[in-house]
Amino acid sequence: MTDSGNPKRSLGSLSAIKRKTITTSSESLVRMEPLSGASQLPLVVQPAIDKLNLIEWIQNSRSLIEDKLALHGGILFRSFDHMQTLEQFNQFITAVGGAPMEYHEGASPRTKLSDNIYTSTDYPAYQRIFLHNELAYRHSFPTNIFFLCLKPAEQQGETPIADMRRVYQRLDPRIREKFMEKGWMLVRNFGDGFGLPWQEVFHTTDKAEVERYCQQVGTQVEWRERGRLRTRQVCRAVAKHPRTQELVWFNHATFFHISTLEPTIREALLIEYGEDDLPTNTYYGDGSPIEPEVLDELRAIHEQETIAFPWQQGDLLMLDNLLVAHGRAPYSGPRKVVVGMSAPCSWDDVAIS
């Protein structure tokens, strides 16, 4: 009789067989597809199973999300039950890549709601906010920016977005080259009763502290009568994405230019302050004016690349701040969209060599 006929031998052989561990991949727990067939931006991620905890899922899926974000530029997380509070929002941001950043040297009025979580903006509901990459005029800026919709507006109130790789590619090469050669200059005036006061922007009441900070980042400071402040800074217009190595149009030259404001607001500001004392305005880096036709082309391309979708309660939008610009449509009715930023980056990391 052979060993194979021995029951003890057969059982021993079976026990020696290693059990095969059955695992479920992170990707299989969600459904991923672009919001629209006409564009890859944004990628929509929704749960494929009931009661999937987004924060727990993201902790196990960081490399997947980083790859998808680099490809699409923006990800919309939709229909997740566990994304309804500021604390959950903070936990999500931290799980993706570090605690939320402080909003420093900003230009938009915001209310701080919790640990570096803010209202998206406190501008009046009727005002449209032009597309921009958050804090691109600073020496350091967030790599990622996140929006959580706690309450959608009754009408409009979208957060339009645009792929700045495509904006760069569509621009007339002569425009790109001129900005890359000269850079662009941002001039800000503080203390005239319009816009944020310098104490709020720089988070200090100490003039010497403002001067030290501005010297470190290459911003010129000019103190004027009655405690007013004027700053000038020359910035780059094009960045190289640190991960994808793609060139992106990354600046506020259009956003801060007086001609981009709504006509009624623009005319009122020019009458009140004149061009030299406007709260913000932009020029080429040598101080020369940016041609009206150039600004018209820049605005037109931004508009042509704009994608907008209605918010749903609980939507969380994650953007690569270098790849994708964002804005805000006017709206009516209550609206609550909060924002957080993370993963600080500097121009030293994205400058074209």
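Predicted model: local features only at pLDDT ≥ 70, side-chain atom pairs only at ≥ 80, totals over all residues.

Residues are numbered from 1 along each chain as its sequence is written, and side-chain values use heavy atoms, with hydrogens and water left out.

Start at Asn 90, which lies in helix α4, residues 86-97; helices here are DSSP runs of H or I with at least four residues, strands are E runs of at least two, and both are numbered from the N terminus. Asn 90 counts as buried because its relative accessibility is 16%, where buried means under 20% relative accessible area (1.4 Å probe, protein chains only). Not counting residues up to four places away in sequence, Asn 90 touches Pro 100, Asp 115 and Ile 117, a contact being heavy atoms within 4.5 Å.

Now move to Gln 233 in strand β12, residues 229-235. At 5% relative accessibility, Gln 233 is buried. A polar atom of the Gln 233 side chain lies 2.9 Å from the backbone oxygen of Tyr 137. Beyond its neighbours within four places in sequence, Gln 233 has contacts that include Trp 184, Met 185 and Thr 219.

Finally, three strands form an open antiparallel sheet in the order β6-β17-β9, where pairing requires at least two DSSP bridges between two strands. Because β6 (129-132) and β9 (161-163) each have a single partner strand, one side of each is left without a neighbour in the sheet.

Terms used
Buried < 20%, exposed > 50% of the residue type's maximum accessible area, 1.4 Å probe, protein only. Polar contact = N/O pair within 3.5 Å; in protein donor to acceptor, adjacent residues only side chain to side chain.
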